[in-house]
Amino acid sequence: MCIRRIVFAHAKSIYDIETPFYSQLGIKYLLLDLDNTLDSYRIYYPTLRAINLINDLREHGITPIIVSNNRGKRVQTYAHFLQIECISSAMKPFAKKIKSFLKASGIEHDKVMLVGDQLMTDIGAANAADIKAILTDKIVNEDQWTTRLNRLIDIPLRNNLKKKGKLPDWRTFYGKS
Ligand SMILES: [Mg+2]
């Protein structure tokens, strides 16, 4: 996996990113990881800040879609509350489901960006699907056990990328048209 190519930028949290940033890049569809990107994995219903984010994206003409490795019922409950589409059991870092979804919806890959908190799964899937990606930090400390294992690889890898200057802050690409 070529890490250097896959990370477009880093943000501390998805909630830090100003929505016009996506518009400036011509992004029309935002694939959103759920657990520890939008909310804790324990949460079934979106928090107020997630609701506000989704509304803001819509107001800017961006279609949000949840892409989660978590199971159907929980992901669908969350997405249904927000009235947005979702891909559950997405099997990231494999891109098959994402690519099928984009193809079936007639969405061009250069209009899509994925935002997620894990290098191995989220950024890996974005790379495999050939779409831009933003890597975030986790928003809460608690993780599912599978994610805790991934963090063992993610943390040193992320630190290495940071050290080499390969995780530029999203603001680096913002406001410079
Ligand atoms: Mg996550």
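Student: In which sense do strand 2 and strand 5 pair, and over how many bridges?

Tutor: Keep in mind that this is a predicted model. Strand 2 and strand 5, residues 112-116, pair in the parallel sense, over 4 bridges.

Student: Which residue in strand 5 stands opposite Leu-30?

Tutor: Met-113 stands opposite Leu-30.

Student: And how do strand 2 and strand 3 run?

Tutor: They run parallel, and 4 bridges join strand 2 to strand 3, which spans residues 63-67. Leu-32 has Ile-66 in strand 3 as its bridge partner. Between these two strands the chain passes through helix 3, and the β-α-β crossover is right-handed.

Student: Switching to charges. How many salt bridges are there in the whole structure?

Tutor: A search of the whole structure gives 10 salt bridges. One of them joins the side chains of Asp-33 and Lys-92, at 2.9 Å from N to O.

Student: Which parts does the pair of Asp-33 and Lys-92 tie together?

Tutor: Asp-33 is in the loop between strand 2 (29-32) and helix 3 (48-59), while Lys-92 is in the loop between strand 4 (85-87) and helix 5 (96-105), so the pair ties together parts that are 59 residues apart in sequence.

Student: Are Asp-33 and Lys-92 buried or exposed?

Tutor: Both Asp-33 and Lys-92 are buried.

Student: What about Arg-158, what does it form a salt bridge with?

Tutor: Arg-158 forms a salt bridge with Asp-154, and their closest N and O atoms are 2.8 Å apart. Both residues belong to helix 7 (residues 145-163); they are 4 residues apart, so about one helical turn separates them.

Student: Why does Arg-158 count as buried?

Tutor: Because its relative accessibility is 7%, and buried means under 20%. Asp-154 counts as buried too, at 1% relative accessibility.

Student: Which residues are linked with Arg-158 in a network of salt bridges?

Tutor: Lys-12, Asp-137 and Asp-154 are linked with Arg-158 in that network.

Student: Last one. How far apart are the closest N and O atoms of Glu-108 and Lys-111?

Tutor: Those atoms are 3.4 Å apart, and Glu-108 forms a salt bridge with Lys-111.

Student: Why does Glu-108 count as partly exposed?

Tutor: Because its relative accessibility is 46%, which lies between the 20% and 50% cut-offs. Lys-111 is also partly exposed, with a relative accessible area of 28%.

Key:
Residues are numbered from 1 along each chain as its sequence is written. This is a predicted model: local features need pLDDT of at least 70, side-chain atom pairs count only at pLDDT 80 or more; totals for chains, interfaces and linings use all residues. Side-chain values use heavy atoms; hydrogens and water are left out. A salt bridge is a side-chain nitrogen of Lys or Arg within 4 Å of a carboxyl oxygen of Asp or Glu. Buried means under 20% relative accessible area, exposed over 50%, partly exposed in between (1.4 Å probe, protein chains only). Two strands pair if DSSP finds at least two bridges between them. A crossover is right-handed if, with the strands pointing away from the viewer, the path from the first strand over the helix to the second runs clockwise.
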